Amino acid sequence: MKETDTPTELLTLLGHSAVAGEIKKAVSRSPGARFYRCAFQVNPFDYSVRHAIATPFQTEDEYNKAMVEACVKAGVDVVAVTDHFRIANSVSLIAAFEAAGIIVFPGFEANSSEGIHLLCLFEPGTSVTDLEQHIGACTVADRKVLSPQSTQTCEALLKRVADLGGLCIAPHVCSASGLLKTLSGQSRARAWKSDYLLAAGLPGPRDQAPDGMKSILLNEDDTARRPQPICIVNANDISMPDGFADDRVTIYVKMTAVSIEGLRQGFMDWESRVRLNSEAIEGEHTEIVAMGWAGGLFDGQSLRLNQGLNVLVGGRGAGKSTMIESLRYTFGLVPKGLEAQRSHNAIIKGVLGAGAKVSVLIRSPSPSPQYYLIERIYGQQPVVRDQAGMIIAVKAQELIGDVDIFGQHEISELTRQPEQLAEILRRFTSPVTDSSDERKQFFEKLESSRKSIVTVQDEISKIDEALAALPGLRENLRRFATAGLKEKLAEKTSIDAEARVFEAATAAIEYLASIGSGLEFEEGEAVPSFLPEKDIDLPNRETLSKLDEVGAELARAKTRAANYLQAVANRANARVATIKGEWDPLEKAANERYLATVTELEADGHEPKKFVSIQNQVEQLKPKETLRETKQATLTTLLSERAMLLTEWESFKARDVRELEQAAQRVSKRLKGKVRVAVEVNGDLGQLGQLLREKVGGNISQALERLRLTDGLGLTDLANNIRSGAAALVGTYGFSQAGAEKIAQAGSALALLVEECELPVRANVELNVGPTEAPNWKSLEDLSTGQKATAVLLLLLLESDSPLVVDQPEDDLDNRFIADTIVPAMRVEKRRRQFIFSSHNANIPVLGDAEQIVGLTAIVDGGLERTLVEERLCGSIDVPDIKELVKDVLEGGKRAFTTRRDKYGF
């Protein structure tokens, strides 16, 4: 993709009227350094003619056209057109390439006095006149011969071309006319170690070079050892169109814009900026593409980001923290530490301000590439738009993944939270073993189980409260029976029992009627349809539409059932009323006889009404005894099911711990010799401690401490001991009697909640503060603040497919670790994920080779403080303005830098 191209899938979103202009502007900007596919040894038509290379082309125009077409087809962005100390015959081919949008390094192939070939490249756009003068400066002996030769040595030519503003590549170094093949001994070593030689050409990687020269290319030869291995480029003469398809003649070079300085920076830092075709270019990953602001400190500003390393640079107060915190705010993310939360809230309120709006464009590559726009107005919730510009009900966090954003000193704060560190380990567990959904399902099942058990226990408790009166009532009946009242009042108690029969029948009818009412359609309720809305594409909708007939049939059946149940209820009510009408006179006569009997018994000093009342109470309570047995059976079943569920829950927790232990081992292996990690269960009681404090009154500090000291604490066992009572708690855990009694009093309700807890897993992190050959491991507790942050940042830098954003990480790091440990890790991992840092430390953008350095400039506009994000101050170190920015802001200026260099004696 050309730098100025906009992906097709993004055009619709950018065309939506609701998309802020700042985002559209940001997308049009350069993303910083990117890879360009380059062919550095393309020959003009005249080269083939002079060297008698068989060609099907009769004219130069035919040749040029075919070469351009093949170049475009091969995806080559940049070429260098070279011929042996000649430039005039390359002009038409250069023009043809440039007309097709291909960038050209014009130049020539030099031949030193020793017979060594050098590709001499110059700035795109260099005139033919200047190039002819550059050739003249190389003092060519006879320009008319097939391969003219300079009178200058290889070393002299390397310096001469550099002085002229060009750059040399030593092509085919291991073959005829190649530097390593032609020279030997000290002369070869001197030329090879020249500061002006930055790249050498091979048809493959350096480890496939001939044995006699491999040690030099691998930088293992003592006489020819360079400060770092030379950059290897795949380059060879391309004299026919099919040459572009050969992977041995092109390479990828990362540059902000194609220039000699871009090549120089690429060759100097080839590990970061150069890829052979045989090497993998970093894959796609979730990335923050662009940001835009309306209102607040960054009003009207736009920012384009790179998928690799981005570094925000600016003086204090330039808004680096505001930019990072506004990004966090837009995603709706909450800082992990309390201090970080306070700082975040203060920045958002004080600097972003009322009415401000932040827009963030992100790209998610899988399962298919998608762009999303997240917008947030101060005080409102984030809004997400899809590629069509439509608002969708998706949270930003679901799209951006496990993005990590840390404010100033937040990593240092994180080192004091071992449980948070353990959560970082979860990203290194296998995706297949992602347990978040399973954990959620367990919580839901356990909660449902607990609620069912508590409900039945409450029902049994209420039944027991009612049945508690039954023994006393029966004793009273026994006493009344001795007075002969049972027989004398038998008719009354029987007629009351019959009245309860009618009550039961009426209740059954009402229940049936309620079922029928529940089946009735509400007013306006539609007949159910199984098909989704018509705007959802279903290729077989016509076939599936037949299912609506099934829905209609179900609706008719539901209506018939409702009508039928209501009709049955009505008929049953009528029949009960008829039977009740027949029974009412019998009840009336019995009651009249009862009143007469009452009069007689009361005259004899008895209490017949009390007897009847007690008798009725007993009869009403008798069914509850049966109901209690039913409820108890239900409770037994629920407890049995919960016991099985708890067994699965404990197995799940144990498996999860094992996964974290394996992740810790993988992390320790990845960071071998630098950081090692182990996991520990029950380092802190976590939610268990919080639960016990909330549900148990009084001082339970001793009990909590005893639980902390218990090896292999099992929460199911703890819950059972709570149910068993204080003695079990004292005997098992050594609780004090008072503490045990307080906890035991909370009973089964607390025990159920304890069973659902999960003991936190803490990560024990150690950092090697000694050399690799003599490691000195120290745990976080024994490290300085900077060393602690170094260990944690190394964990955060490890492989992930979501962005990592850190505000001034150097504030919490030891400077030695930045250059020796953090930067090397950053250079590797930026191939796999996006980094966005703000920094005052030159090591991060320069040694880390940031693809996008962003200069922030604080100004006062109309009495208001503002920050500008100027496009000219966005790019990589290969951009002159960026180089000056880094020198001035991060190095303190050229004078400060050179003074330090002189003082150190470098």
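A salt bridge is counted here where a side-chain nitrogen of Lys or Arg lies within 4 Å of a carboxyl oxygen of Asp or Glu. The structure, which is a predicted model, holds 45 salt bridges.

One of these pairs the side chains of D246 and R248, with an N to O distance of 3.0 Å. Both partners fall in the intermediate class of accessibility: D246 is partly exposed at 25% relative accessibility, and R248 is likewise partly exposed, with a relative accessible area of 47%. The class of partly exposed residues lies between the limit for buried, under 20%, and that for exposed, over 50%.

A second salt bridge links the side chains of D849 and R273, at 2.8 Å from N to O. D849 belongs to the loop between α33 (843–847) and β23 (852–861), while R273 belongs to helix α12 (residues 270–273); the pair therefore ties together parts that are 576 residues apart in sequence. Here both partners are buried, because their relative accessible areas fall under 20%: the value is 3% for D849 and 1% for R273.

D849 also deserves attention for its backbone. Its phi is near 55°, a positive value in a residue other than glycine.

The angle is about 70°, although S177 is not a glycine. This residue is found in the loop between β5 (167–170) and α8 (179–182).

Beyond individual pairs, salt bridges that share partners join K254, R273, K830, D849, E851 and D878 into one network.

The account now turns to a sheet. Three strands form an open sheet in the order β18-β19-β20, with antiparallel pairing. Which strands stand at the edges? They are β18 (675–681) and β20 (777–779); each has a single partner strand, so one side of each is left without a neighbour in the sheet. From one strand to the next, the twist averages 30°.

Strand β19 (residues 761–768) is joined to β20 by three bridges, and the two run antiparallel. Within this pairing, E766 has S779 in β20 as its bridge partner. Helix α31 (residues 785–797) packs on the sheet, where it touches β18 and β19. The direction of α31 makes about 110° with that of β19.

Terms used
Residues numbered from 1 in each chain as written. Predicted model: local features only at pLDDT ≥ 70, side-chain atom pairs only at ≥ 80, totals over all residues. Heavy atoms only, no water. Pairing = 2+ DSSP bridges. Helix = DSSP H or I, 4+ residues; strand = E, 2+ residues; numbered from the N terminus. Axes fitted to C-alpha atoms, helices over the stretch in contact; angles between N-to-C directions. Contact = heavy atoms within 4.5 Å. Buried < 20%, exposed > 50% of the residue type's maximum accessible area, 1.4 Å probe, protein only.
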